[in-house]
Structures are given as C-alpha cells and as structure tokens.
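Visitor: I would like to learn how to read the places where parts of a protein touch. Please show me the structure and take me through them.

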Amino acid sequence: MASYETHEYDVLIIGAGGAGLRAAIEAAAGDLKVGLVCKSLLGKAHTVMAEGGVAAALANVDERDSWRVHFADTMRGGQYLSNARMAELHAKESPDRVRELEAWGALFDRTQEGGILQRNFGGHQYPRLAHVGDRTGLEMIRALQDHGIHQGIEVHMENTVVSLLKTGERVSGAFGYEREKGRFKVFSANAVVLATGGVGKAYKITSNSWEYTGDGHSLAYHAGAELIDMEFVQFHPTGMVWPPSVRGILVTEGVRGEGGILTNSEGKRFMFDDIPELYVNQTADSPEEGWRYTQGDREARRPPELLTRDHVARCIVREVQEGRGSPHGGVFLDIAWIKEKISNAPEHIRRKLPSMYHQFKELADIDITQEPMEVGPTTHYIMGGIRVDADSQMTAVPGLFAAGECAAGLHGANRLGGNSLSDLLVFGKRAGEYAAQFAEENEAVPLDTAEIDAIAAHTLKPFENPADDGSGEKMGPYDIQTQLQEKMQELVGIARSQESLTQALEEIQNLREQAENVHAIGNREYNSGWHTALDLDCLITISESIALAALERRASIGAHSRDDHPEKEEPGAGKYNTIVNKAPDGTMEIRRQPVDELRADLQEIIDEIG
Amino acid sequence: MAKATFRIWRGNADGAEFVDYDTEVSEGMVVLDAVHRIQAEQANDMAVRWNCKAGKCGSCSAEINGQPKLMCMTRLNDLSLDEPVTVEPMRAFPLIKDLVTDVSWNFRVKEKMKPFTPRPPDAEDGTWRMEQEDIDHIQEFRKCIECFLCQDVCHVLREHDLHDEFIGPRFFVYAASLEMHPIDTENRLEELKDSDGIGYCNITKCCTKVCPEHITITDNAIIPLKERVVDQFYDPIKKLFRVFSR
C-alpha cells in the first residue's frame, strides 16, 4: 500500500448534521476515540435548513398529546409502511431528546408557563413541534455543535469519504480526501456510522444543497447493505418558484401552521376540494374552523392545507396542470390575509416567520405581510434509505450503522413535517450508542490494504481520463450532473409511469458510462469539478435505485404516484417494502418484503386512535 | 439575456489575481448563481464554498465590490452591471484557493471558550422554566449563522491581525448568548477582559453593519459585555469592597 495519512478510531461518524453530531456525542460518552468526518464546515450541514420544528409529544400545549398519538400519526402519515418499532421508539424517546437539547444550551420558544412552546404541523393531531421561530434547525445544530466540540471528538472538516473499507464481512474503516489539498486520508474504525443525509441533488428542483448527493446510501449499497423504499422521495409542496434562481428554496410548512392558505388563480382555496378518506374526520369543514385550529382552538380540526405533504404537493400539481396556477407555474400561499383576523398582523408574521419574511423580501422583492407568495413542489427529502435494525440502527454489514435521512424505516411512504429533526436525534443517539457498544465488544480488525490503492487510483481517474473523446461533445462533470437532474425531474418526479421509469433507467445507464470517462481539469487542490465528478457515482447509483424501486411499486401511495397505476394497492400484493441490493455480479437487484404484522399492543393504538 | 462581467479572485497562497469572466445573467439572479454558472461553464476547478443558498448556513461569505456579503443573498439587481463585479475572498483570513479562505481559527477560538453550564433543572422532568421575554434578546444572538463576515470586517483582526489576543465580534456575540442565558451559571468576564481582548473593540460598529442576520452586535452584545467587565473589575466601590473583604 502506498502511504496515506491514517487516523485510527473506535467509532467513525460520517456526516455532521444533526444525526452525525448526535451520534458522535453519544459514542464519545465513554472512553472511546471518536472521529467525525464532514463534507462542509462544522455547523453548516443541511440540518440548518430545517425551519418548522422538531416533533415530540411533550404535551406542553395540549395535554391530550402522548407518544401513542404521535406513533399513530406517524404510522398514518407513512401509509402504514413504516417500521412500527422505529415509529414506537421515535414517539417514545423524542421528548427526552428535545429536553436534553435545552441542557446543552438550545433555547426554544416558550409557553406562557415558561415551558417549551409547540406548534401545529401537517399530519400531527396536536400542536407538537418544539421550535424557534422558523429557524429550528439552526438552533439544533448549533446546540449540538457547541456541546459536541467539548466532548473530545476529532473533527475532519471539508473531507469527503469515497469508499467504505471492509475486512471480510465487517466494516473496518473508510477512505476519503480532504478538499483543501486533495490529499487522501485513511480512517480505520471498529464501527462506522453513516449520517450523510439525502439525495436531493439528483433532481433539478430541490431545496437541498450540493452536499446532498446520496453518499451514505451509495457507500452502504456498495458495501453490501440494503436500501429500502427508495421510490419514496418527498416533494415538499411549498418551494419558491420565482425568480428562477431561487426555484426550489424551501418555504416552511410553518406558514400554513400559522394560518397561511393556498389559493389558485381563481382565488379559490382548492385544498378543500380533495380530502383523502384517511383524513376526512380530522379535517376542518370550513375556512372558519381551519383558522380556529391554527389559533389553538382545541375543538377545531385542521385546515386542509395541513394535510400530509404528498397530498398537498399533488393538489398543487393538479391546479397548475389544469390551468389554475400562478403566473410562474405555482400556486399562491397567502399569510397576509390574516390581517382580516388580527390587528397587528404584519408584526405578528414577522415575529412568527422571521426568516421567511427575510427570504422573500431579499430574494424575491415580496413582502409576505402584504402579498401572497408563489409556491410549488420541490424535492426535499427521501423517506427511503439504508435498511437498519430498528433498535440498534445497524445495517446488514456488521459494524456499519446508519441514522438520520440516509437511514430508512421510520417514515414509510411519507414523512410528517417535524419528524425528521426528531428522527435524527432519537436514532442519531441510538446509532452512536450501539456503534460504541459494537466497538467495545468486537476486536479491531486490520485494514485490508490491498483494496486501498485501487480505490485511490479510481479516485484520481477523472484527471487521467482524456479531455476529449474525439466527438467534440464530451460532457464535463457539471454537464452530466445537470442532465441527470433534468432526467430525474422529468421521468422520476411527482408523476411516474412504466414508460417514464424504463426510459429513466436507460438514460441513467447512459450517463453512468459518460461518468466513468468524465474528465476533470486542474489539480487536486479544492477542485470543485473533480469533486463533482466523484459525486456522480453516488448520484447515479441512488438515481438508479429510485427509478428501479419506482418501477417495482405498481401503485400510487404516499409520495409515490404512478399515472399508470393510480390505485393505492396493487391487487393481491399486500403491504410490502421494496428492497434494493447489489448482486454478486455487480448489478442492482430488487425484491419485495412483506410488511410485518403489527405487534398487538401497537395495533390496538392504531385501532383506537386511527 | 444580458451579459455581465465578473472579476473573480483566482489562485492560492502562492499567488493569485483577478480573472474576468463574462456570463449571461437573468432576472432574480444572485452573485452565487453567476459564480456557479461560471464554474460550470468556464472554470470547473474554481473553488467556492457554499451550502444552503438561502442565507441560512453562512458558508458563501465573500467581498463583493469590496463589501463583505453572502454571495447567495446579494442580488445582481442591486449591483451595477455596467462595470465588472468584483468577487474576492474574505481578506481577514488566509487564502486557501480562489474564493475559499481558511476560517479554522474561528473554530479553535470557540473551543477555548467556557461552555454552557446550566443550573440544576427547575422541574422534576429535568427541564427549566424561562419567560419568553427573558430569552428574546438571546434568541437574537442565536440567529448567528457563523458566516464570519463580522470577523472579516473588524479592523482589530483585518488590519491589526490580533488573532491571538482578540476573539472578534462573532465570539463576543457567542459569549453574550452564554453570559445572558437565564440558566447559565458560568462567569466568562475575566477571559473577556484578558485573553479575549474585548477592550480592543472601539465600537465602530462595522460588524453590525455587515451582519446578514441583522444582529445588533455592538449595541446588544459587545457594549453590555464591556459594561459587565467594567462593573466586575473596575467599579471603585466594588474594588473597595473586595479589598476589605479579603
């Protein structure tokens, strides 16, 4: 093996958003040596973008709330495809995980009694989201970061992992590069936690940053772990649509939680037109009742704008397709109208939604206290991901754990807003805890040095590939990325069909060939083109898995809609999860796994609460 | 579509210079969009640090026409495109490459500061009771996205290079958020006076002016901290009291 800068850890965490930081803090609680690798600077990860809040049944605002209701809400939201044990653990443990953040310095908004304030959100029966205005994610990541830096964790900022290392069946470390000089680093570890977030950069319109290239999904897949339910990609109903350069930037669901309404070009509140059967009993009959709900009337039911994200996104697409959209191809989201209801509306809006006010004022010249916003769906989150054990978060690969967005199971076919911040706390902690336990209970394995040189050579290949293949049309890394995003948006977006998905798989295969020969200019020093070239492998792998899973699920459920199969369940198929893995011959395999029957006590909760 | 010229700092610590790039611009674009377009079409290897593109993560700090700003929140509408738009890295930090600087000093500074240390919980469930009005002013400090533009513009760091003796506006805001936190029990005033160098700040308010989160850094964080330092260490009556209570 050539010589590489090498770091030895008991537990290595890859990713430093909420899940990675929480896992690192937990893993470092004992005497173990913990390393944390992240692609950006510490505290910049995508968790900062989370706005609305963290879901936890604290019952500070409505004492009727409990873990049982939160569990039932999560299962219903996920169309009963969630892993029930994960949903149970999540609902039970999230209150403690939120309270613990206060002990680390987080300052949530307060109730009159001085406790943590909670707000309404789509799909949650009671006000459940602990929040800080509309910058909850920033507060959380900062609290975790500021606590984490005093726990003896070694942080490698601006480092990217390109491959996991295995020794026999077990994971034994990771190989990556640091951005500054492009030098390679080898990490050996007794246990590895993946906490790399999502895949939004596979799509053209997304609320996600450059980092969201599905690294963890892809690393785990290539290492032999399974991916489940990859077809379930959440298109958040409200992203900005204008001006073009900000298209996709998130507009928090908190706007609707505070009373914001969706209207079409005819001024109609179209969400009242289509209320799914599962939610009829929980949804307001009239605008008046909906307004009362947002203002905390406990007898009122929620307005249809606060139905689950998959449904709201589809309704918006329908309005646009049927010619009732806004001038720039979205619909209107209006919070300014509440001035009819409360006297100090502009001030109230600025206080409740400060960063939304700021974002529209500065990026779109829109004063949201005076005029409606234009919004449309944006790729936001992937419910699918690495298959893990519900309790320990360990994958099929011994010693390899996953938590947060890159792991899967909790959200089923659709995630409720606020459940991702609680997900990353609850399962970040569990992954850190069980990874530490694994590291303590298992002897360290030596690195398999034979494969490292080959990985290093592969990582440098973009510099060696010829700049031109003689066709004069050879695509660069950005061109390939853009084309993949366009194809995924067009063919594997909100509306899918056998035809579009089959075509998508062909296009992806074609782009894979292009990516293998892609050329990077310049040298290894902080070279974005080279980094983009390397990210392509992850993007293409996860794009293929999304398209393949979407082709397999011949039904329209949750976030997955098939134009050619509008019914919710395929006749006779029962409830199942899709599972993707890498076959021995290197191709991608897919199969269905029936959803386990619910434990009797959990089934009782569903029967009772519904 | 209109064209505009961007004069971008290219190079590394061994040598760097402005390079002009012409690119197409359209309605609503921000400087980061133009930089990305140039990166994708003309300069694949150009280094630029960014994440959220929505003013929430504080990664894309730079100096645009000489003004410290977030590239993602600077609209081309607000700039004159008749002349080249200059885009440079933050000048108070060592250059890594192109628009990316080494800001690791900031992370080391924070690590050295005394962490949050809460009093015992108020309630049996391990929680505390705090009034909203008592935390409003700290929530202002906690809006900080750590873009370090305030550090970039502060003359104590930028011109006098006193990184070893002065922690800069960002960390006075951080100190204020801890010192004024209703449940924190730690005292950081001695460090603020000595190793943190709060006395170097002569309240020119440059930091407040560039803060993209509009935190009133000088008035709400630095001046109150200065007052606390004065109260603890220089108040003649307290000083006398300390002499007699020895």
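Visitor: How much area is buried between chain B and chain A?

Guide: Buried area is the accessible area (1.4 Å probe) that two parts lose on being put together, summed over both. In this predicted model, chain B and chain A bury about 5100 Å² between them, and carbon and sulfur atoms give 54% of that area.

Visitor: What should I know about the model and its numbering?

Guide: The model is predicted, so local features need pLDDT of at least 70 and side-chain atom pairs count only at pLDDT 80 or more, while totals for chains, interfaces and linings use all residues. Residues are numbered from 1 along each chain as its sequence is written, chains are lettered from A and ligands numbered from 1 in the order in which they are written, and side-chain values use heavy atoms, with hydrogens and water left out.

Visitor: How many residues does each chain bring to the contact?

Guide: Contact means heavy atoms within 4.5 Å. Chain B brings 60 residues and chain A brings 60 residues.

Visitor: How many salt bridges cross the interface of chain B and chain A?

Guide: A salt bridge is a side-chain nitrogen of Lys or Arg within 4 Å of a carboxyl oxygen of Asp or Glu. The rule finds six between chain B and chain A. One of the salt bridges joins Arg142(A) to Glu146(B), with 3.7 Å between the closest N and O atoms.

Visitor: How many residue pairs are in polar contact across the interface of chain B and chain A?

Guide: A polar contact is a pair of N or O atoms within 3.5 Å; within protein, one must be able to donate a hydrogen and the other to accept it, and residues adjacent in sequence count only if both atoms are side-chain atoms. Between chain B and chain A there are 38 such residue pairs, both residues being at pLDDT 80 or more.

Visitor: Which element gives the most to the side of chain B that touches chain A?

Guide: Helices (H or I, at least four residues) and strands (E, at least two) are DSSP runs, numbered from the N terminus. On the side of chain B that touches chain A, α3(B) gives the most, four residues.

Visitor: Where does chain A divide into domains?

Guide: Domain bounds come from an automatic or database domain assignment. In chain A, domain 1 covers 236–377 and domain 2 covers 458–583. Their centres, taken over C-alpha atoms, are 32 Å apart.

Visitor: What do domain 1 and domain 2 of chain A bury between them?

Guide: The two domains of chain A bury about 370 Å², 62% of it on carbon and sulfur atoms. The count of salt bridges between domain 1 and domain 2 of chain A is zero, and two residue pairs are in polar contact there, both at pLDDT 80 or more.
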